[in-house]
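This report looks at how the two parts of one protein chain meet. The sequence and structure come next, followed by an account of the interface.

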Amino acid sequence: MGLKLYNYGLSGNCYKVRLLLGFLKLDYEIVPVDFYPGLEHKQPDFLDINPLGQLPILEDGRVRLRDSQAILSYIAKKYDPSASWLPDRDATKFSQIMMWLAFAGNNLVAAAADRLVDSSATFSAPEIDKGRQALTILDDQLAERSMMGHSWIVGETPTIADIACFPDAALSNYVGIDHEAFPHLRNWMRDFRRLPNFLTMPGIPEFA
Ligand SMILES: N[C@@H](CCC(=O)N[C@@H](CS)C(=O)NCC(=O)O)C(=O)O
C-alpha cells in the first residue's frame with residue numbers, strides 16, 4: 001500500500017504533485033507512464049484507471065484521484081499535520097486557495113499548454129496570448145501581495161496555490177513567453193525555487 005503516482009517526467013501537472021510530495025518529504029512509488037511517444041495514457045489499461053486519459057493519477061490504498069489540484073488538496077489535507085500548505089480553518093484563506101487552484105487548472109494552463117504537443121509542432125499564438133493574459137493576472141496579484149509585505153499568492157507562507165501555479169508559470173518561458181514583462185512573477189518564482197526540498201524538472205528556467 002502507500003502512495004502511488006502515475007507519472008510522466010515532463011508533465012507540469014505531475015510535477016505539481018511531485019513538488020508537494022517533496023516538500024512534505026513523503027515516500028511514494030512512481031508508476032512511469034509512456035505519455036510520449038507511447039501514448040500509454042490513451043490505451044485501454046490506463047483508461048480503466050482514468051477514463052479522461054490524463055495524468056497525473058494518485059493512488060493511496062483504495063483511494064484513486066485524478067486532477068492535480070484535487071490531488072494537491074488531498075495530500076495537504078491528509079499528510080500535512082501543520083495545515084500550512086492548505087490552511088482550512090479560515091474560510092477566506094481557504095476559498096482564495098481554491099480560487100487560485102481553479103485559476104491554475106483553467107486559465108494558467110494556456111501559458112505552457114502546447115509544450116507536450118508533438119515536438120514537430122509550433123506553439124500556437126492564441127494559446128500563448130491566453131497564457132500571457134493569465135500571467136498578467138498572476139503578476140498583478142503578486143504585486144498587490146508584495147505591497148502588503150507578502151511573498152505568496154495567498155497568506156503569509158507558501159500554500160498549494162503557489163504549487164499549482166508554479167509549473168505552468170515557470171514553463172511558459174519554454175514556449176517563448178518572456179518573463180522580463182512580469183517582475184513580480186519573477187521574484188515569486190525565485191522565492192519558490194529557494195524553498196527547502198524544492199525539486200526542479202526539465203524546462204524550468206534557472207533564475208538569477
Ligand atoms: N486538470 C487536469 C489536467 C491534466 C492534464 O491535462 N494532464 C496532461 C499531462 S500534463 C495530459 O494528460 N494530457 C493528455 C490529454 O489531455 O489528453 C490536472 O490538473 O491534472
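In this predicted model, the centres of domain 1 and domain 2, taken over C-alpha atoms, are separated by 21 Å. The domain assignment places domain 1 at residues 3-79 and domain 2 at residues 91-193.

Where the two domains meet, 15 residues of domain 1 are in contact with 15 residues of domain 2. Together domain 1 and domain 2 bury about 1200 Å² between them, and 73% of that area lies on carbon and sulfur atoms. Within the area that domain 1 buries against domain 2, Lys-16, Tyr-36 and Gln-69 supply 34%, which is more than any other three residues.

On the side of domain 1 that touches domain 2, the elements giving two or more residues are helix H1 (12-23) and helix H3 (68-79), and H1 provides the largest share, namely six residues. The make-up of this side of domain 1 by residue class is set out below.

| Class on the side of domain 1 that touches domain 2 | Count |
|---|---|
| Nonpolar | ten residues |
| Polar | four residues |

Note on methods:
Residues numbered from 1 in each chain as written. Predicted model: local features only at pLDDT ≥ 70, side-chain atom pairs only at ≥ 80, totals over all residues. Heavy atoms only, no water. Domains from an automatic or database assignment. Contact = heavy atoms within 4.5 Å. Buried area = accessible area lost by both parts, 1.4 Å probe. Helix = DSSP H or I, 4+ residues; strand = E, 2+ residues; numbered from the N terminus. Nonpolar A, V, L, I, M, F, W, Y, C, P; charged D, E, K, R; others polar.
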